[in-house]
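Please read it alongside the model shown here.

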Amino acid sequence: MGRYVIRRLLQMIPVFFGTTLLIFLMVNVMGDPIAGLCGDRQCDPATAAQLRAEFGLDKPVWQQYLTYMGNVFTGDFGTAFNGQKVTELMATAFPITIRLTLVAIVFEIVIGISLGVLTGLKRGRPVDTTVLVLTLVVISIPTFVTGLLLQLLLGVKWGIISPSVSSAAPLDELIVPGLVLASVSLAYVARLTRSSIAENARADYVRTATAKGLPRRRVITRHLLRNSLIPVITFIGTDVGALMGGAIVTERIFNIHGVGYQLYQGILRQNTQTVVGFVTILVLVFLAANLIVDLLYAVLDPRIRYA
Amino acid sequence: MRGATQARWAACAVAVALTATACGGGDSGGGGGGSGADGIVSSSWGDPQNPLEPANTNEVQGGKVLDMVFRGLKRYDPKTGEAKNMLAEKIESSDATNYTITVKDGWTFSNGEKVTAKSFVDAWNYGAALKNNQKNAYFFQYIDGYEKAHPESGSASATTLSGLRTTGDLTFTVKLSQKFSLWPDTLGYAAFSPLPKSFFDDHDAWLSKPVGNGPYTIDQYAKGSSMNLRRWDGYPGDDKAENGGIDLKVYTDNNTAYTDLTAGNLDLVDDIPASQLTNVQSDLGDRYINTPAGIIQTLAFPFYDKEWDTENGRKVRQGLSMAINRDQITEQIFHKTREPASDWTSPVLGTEGGFKKGLCGKECEYDAAAAKKMIDDAGGIPGGQLKISYNADTGSHKEWVDAVCNSINGALGNNRACVGGPVGTFADFRNQVSQQKLKSAWRAGWQMDYPLIQNFLQPLYYTNASSNDGKWSNQKFDDLVDKANAETDKATAVKTFQDSEQVLVEQMPVIPLWYQNGSAGYSDRVSNVALNVFSVPVYNEIKVK
């Protein structure tokens, strides 16, 4: 187990360097960001040159990358164009997005898995068909439609929630955005759980457990669900990273100043430091989530061993 | 028993989420507080692109704050745009080059420090010095010694402007490097604001909470999300704030701000999203504002490309101008938030300031048949096709560029005569423009710095001027601008500038499209809301019911 974890951690290093380098190159390919800083007029050449030197943009890309990575290891993620430290931006954006992601994941787990278990056990019944149709509808509607619709109905028409989230973004204001963010994944979780449960319900060990005279409740939670959750956990694990990085649409609709918003601003302003910094952290989150998922397999199914 | 612990853990997570739900909150989303003279107005805001310093702020979001926190020598009348003395007791000159400025007595910064002549001289020197990277440094270019403090390339040989001299506690003199009779009228721009000592002593602290001499002070500033401004009761000016303060709230999307306004969570939105223009009348009624702002949009051409810089090129440009149905596009695409342009300035200047409706004449009027004839006679569009480049990331430019192309294609009877050329980001677009990579037309816009006809002409069309991106050059135009700047009588200066505009009609270096309006909406909690000529709300005059 320990050796497995170490091997996985070592594998992360090339992945980490590769992704950051790719992002760095991509942002750089977009051209000189200084040109956009002065609005519809040209920056005067001397100031532009000064700014370029200040942000290190006058050096060749490989040198910029090396300097950047060197700084990252000392915890310095550079400065955004508005004079704020990128670490400062992270400190405000990440807690908000983590809260939003947590809300979304809780929805996925609670609603998604319950629906999945329910339908998996009642295959072919009306409740199964209804949920299948509903999840199909949720999957086929884009997030921004769901988001704008809920915002309009709950926020403007009925006045149940505030249509925009305040800058502090407390948990209660994040419930509706979290549900919107979770909606598509939630539908997938429900469907994944359903098919997994349906498949395992006919497995020998379930029949054995039932034959032993165990209560139905215990058969389902202890034997059936535990084995059926492996694909679901895999999905939720990779979804953590996807939700954090992909919250751009939801964050925009509900005015949440999280990671998605900062990334969007960074890309619009071609701010290499912001984009690369945030993506670097997201890559780390993604890698960590994947590792945790793999380790969870062994917990769920003792037959899986890591050496 | 492992299973049981897991179940308990899951139950706890849900419980935590639910209790947090029940007990969270606290921050009231918007709506502000109080009523009457102490009422707080909540208003939408965008994240300023640059640090908030007077000489470093070149976009409207940061400009909003400066307008509340600072007062300069002059102030533009919110309604007429006329430059009126604010902190200036008098600005005198006999030769349009040497100016003596007297600052009014009795003004202080909100930290109690007195506003003196030195507050201005130091601020201007700071703004002009190359080492401070101020994006608005070019505002000081007319002051003598600017080339030394801010050379076009290389390092600066001076840190102060030799044309600035403090002559007394409240007086200083300015020597310009050229005759410029309208120069005092430029002093209302925020870049010319005075700065307190604390700005120079502890710059970082000042940036995190700017201190100025305007009707508001900054109470709280959370970068990137909100700013709370409060009325400064010690403000000595006569344009005191008529509300208790302004809460600016950054929105990720102006659609959300608009939704918040309709839900009653926000008092003021100063940028109605294009997608809402169709229902804004029914949503807000007379609480919707649509007034001219000092912005003109044009199509620019590359004169560094020899094909466009010819006699035939001139005819083609005039023909293209006549092939654009401005009335139809402004009505259908922009829902009358733009007005068809018929000169190269803006209605906010007023007729006295140099705006002249119809100056462009038939060259700016839609006439498909004449347009086709002109372009055909001139041998067709250089390169065979007109490609209008624009940035696709903001501003909904695609819609109107496509409409302009449709109009041109329709007039010429050729579906491939004009196409749009989207560029991913604004920065990349500006890059291509400034590095002269574009071989065909591109969208251009000009937002005035100060309401002067000079500002709509000289920076854009004078040979090698800072925003003459197409590198157009015309001796006759340059001479007329020089002549206009040297006129000591304002009316004659304006008249001469209009003469120079006639050269633009003949040569059509850029095609004027339309004047942009500012649009805003407000809640029924507030009244007396208006946009000034820069399309920034006049915050200090807003009243809370």
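How many nonpolar, polar and charged residues are there in the lining of the second largest cavity? The lining has 3 nonpolar, 8 polar and 2 charged residues, where Ala, Val, Leu, Ile, Met, Phe, Trp, Tyr, Cys and Pro count as nonpolar, Asp, Glu, Lys and Arg as charged, and the others, Gly among them, as polar.

1. Basis of the note. This is a predicted model, in which local features need pLDDT of at least 70 and side-chain atom pairs count only at pLDDT 80 or more, while totals for chains, interfaces and linings use all residues. Residues are numbered from 1 along each chain as its sequence is written, chains are lettered from A and ligands numbered from 1 in the order in which they are written, and side-chain values use heavy atoms, with hydrogens and water left out.

2. Confidence in chain A. The mean pLDDT (the predictor's confidence in each residue, from 0 to 100) of chain A is 88, and 99% of the residues score at least 70. Within chain A, helix H2 (residues 45–54) has the lowest confidence, with a mean of 84, and helix H5 (residues 126–140) the highest, at 93. Helices (H or I, at least four residues) and strands (E, at least two) are DSSP runs, numbered from the N terminus.

3. Helix H2 of chain A. Its buried residues (under 20% relative accessible area; exposed is over 50% and partly exposed in between, with a 1.4 Å probe and protein chains only) are Ala46(A), Thr47(A), Ala48(A) and Leu51(A). After H2(A) comes Gly56(A), with a positive phi near 70°.

4. Cavities. The whole structure holds 5 cavities of 30 Å³ or more. On a 1 Å grid over the protein atoms alone, a cavity is a set of points where a 1.4 Å probe fits but cannot get out, and lining residues have an atom within 4 Å of a point. Grid points are joined across faces, edges and corners, and a volume is the space filled by probe spheres set on the points.

5. The largest has a volume of about 230 Å³ and a lining of 22 residues, divided into 13 nonpolar, 5 polar and 4 charged. S16(B) contributes the most to this lining, with 5 residues.

6. Aromatic pairs. Rings of Phe, Tyr and Trp (its six-membered ring) pair if their centres lie within 6.5 Å; planes under 30 degrees apart count as stacked, over 60 as edge-to-face and the rest as tilted. The count over all chains is 35 aromatic pairs. Trp45(B) and Tyr221(B) form a tilted pair, because their ring centres are 6.2 Å apart and their planes at 55°. Trp45(B) belongs to strand S1 and Tyr221(B) to strand S8 of chain B, so the pair ties together parts that are 176 residues apart in sequence. Both Trp45(B) and Tyr221(B) are buried.

7. Most residues other than glycine have a negative phi. Asn133(B), not a glycine, has a positive phi of about 55°, and Asn133(B) counts as buried because its relative accessibility is 10%. Lys336(B) has a positive phi near 65°, and Lys336(B) is exposed, with a relative accessible area of 52%.

How values were computed. 1 Å grid on protein atoms, 1.4 Å probe; cavity = no way out; pocket = protein on both sides within 12 Å on 5 of 7 lines; lining within 4 Å.
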